[in-house]
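We will go stop by stop, with something to select each time.

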Amino acid sequence: MKNRLIISITDVKGTRSYNVHKFVKRLIFILIVSALLLLLGSFSFITYLNNEIDIVKEEKETQLQILSEKEAKLLIKVKAKAEDIEELTTKLDDIHAMIGVSKDASVEEINKKTLETMNINNKKYSLNVIPNGKPIEKISVSSNFGYRINPITKKRQFHKGLDLPTPRRTPVYATANGVVEYVQSQDKGAYGRVIRLDHSYGFQTVFAHLRKTNVKVGDVIKKGQLIGLSGNSGRSSGPHLHYEVRYANKVLNPKNFIKWDLDNYDKIFKSERRVEWESLISQINEHHHQELQ
C-alpha cells in the first residue's frame, strides 16, 4: 500500500474502495493513446491535403495549357477572319465601282444602281434560281415568321418559317431550280416528313409536315416541279405546310419571297435586307452572261 492513495466510500450498500494510483495510470494511458491517435490522424489529414493541393495544381496547369492552346487557335481564327473581312471589303469596293456608286452610298442608291444593271432576261433568270412564288396553289397563313407561342409546347420560341394551312394531299411545288439536299420520308421528329432543297447563290428551302415525299437526295429539281404532298406529320397541330427560306445560314421571312415576282421585282430589295443583293445581283449578271455565251 506504499505511495498509494485509497479512497473508501461507505453507504447503505456497504463500503467500496478506489485505488487512485491505478486510476491515474489508466488516465495517463488513455491520454497517451489519444495523443498518438490525434497525431496519426493529423499526419493523415495533412498528407491528404497535400495530395489535394497537388491535384489542384495539376488541374490548374492543365487548364492553363488548354486556355493557351485555345487562345492560340482563337488568334489564328481572328487573323483569318480579319483577312476575310479585308478581302470582302476589297470585293465590295470593286462591286461599288462596277455599279458606279461611292463607298459611302446609301442602301437605296446601291439598290437603284444594282437594278439598273438588270435586264429582263437577267430578272427572269434570277426568278428561276432564287426561291420565289407559292409552294402551294392557295396561300393563307396560320402562323407567321418570328417569335410565337408554340401550339404544341405552349412556350415562346422563334418560328423559322410560315405555316400554310391546307388539306392533306395538297401538291407541294419547288419555288426555284435546285438539288434535293435532304429527304426524311418517314414520320419522325418535329418536322415529320421533310424535304430540303439547295438552290443557287446560297439559298435553301424547307418543306415540312408532308404526307408524302416524291423526290430523293441528289435529284435535280426545276422551279414549279411537284416534290411532295402536304400532310400533318411530325409535331403538328393540324394539316399544313411549314415552309422556310434560308440564305447563308440565315432564316428569312418566306412571305417576302412568296410575293416576289417579275411585276414587283424591286420590292424584295427593300423588304429583305439580310441578303447582300448588290453583290448577289452582280454575280447573277456575270453568270447568266457566261451561260448565254
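Before we start, one term: a residue is called buried when its relative accessible area is under 20%, and exposed when that value is over 50%. Keep in mind, too, that this is a predicted model.

**First stop: Glu244 and Arg246.** Select these two residues and show their side chains. They form a salt bridge, with 2.8 Å between the closest N and O atoms. Are Glu244 and Arg246 buried or exposed? Both are buried, so each has a relative accessible area under 20%.

**Next: Arg148 and Asp163.** Here is another salt bridge, with the closest N and O atoms 3.2 Å apart. This pair links distant parts of the chain: Arg148 sits in strand β3 (residues 146-149) and Asp163 in strand β5 (residues 162-165), 15 residues apart. Arg148 and Asp163 are both buried.

**Then: Asp219 and Lys216.** Select this pair and look at the side chains, which meet in a salt bridge at 3.2 Å, N to O. Lys216 counts as exposed because its relative accessible area is 55%, over the 50% cut-off. In total, the structure holds four salt bridges.

**Last stop: a group of lysines.** Switch to a surface view and select Lys70, Lys73, Lys77 and Lys81, which form a positive surface patch. Now pick out Lys73, which lies in helix α1 (residues 20-99). Why does Lys73 count as exposed? Because its relative accessibility is 58%, and exposed means over 50%.

Definitions and conventions:
Residues numbered from 1 in each chain as written. Predicted model: local features only at pLDDT ≥ 70, side-chain atom pairs only at ≥ 80, totals over all residues. Heavy atoms only, no water. Helix = DSSP H or I, 4+ residues; strand = E, 2+ residues; numbered from the N terminus. Buried < 20%, exposed > 50% of the residue type's maximum accessible area, 1.4 Å probe, protein only. Patch = residues over 30% accessible without salt bridge, like charges linked within 9 Å, V, L, I, M, F, W, Y side chains within 5 Å. Areas by Shrake-Rupley, 256 points an atom, 1.4 Å probe, with all protein chains shown as cover. Lys, Arg positive; Asp, Glu negative; His and termini not counted. Charge placed at Lys NZ, Arg CZ, Asp CG, Glu CD.
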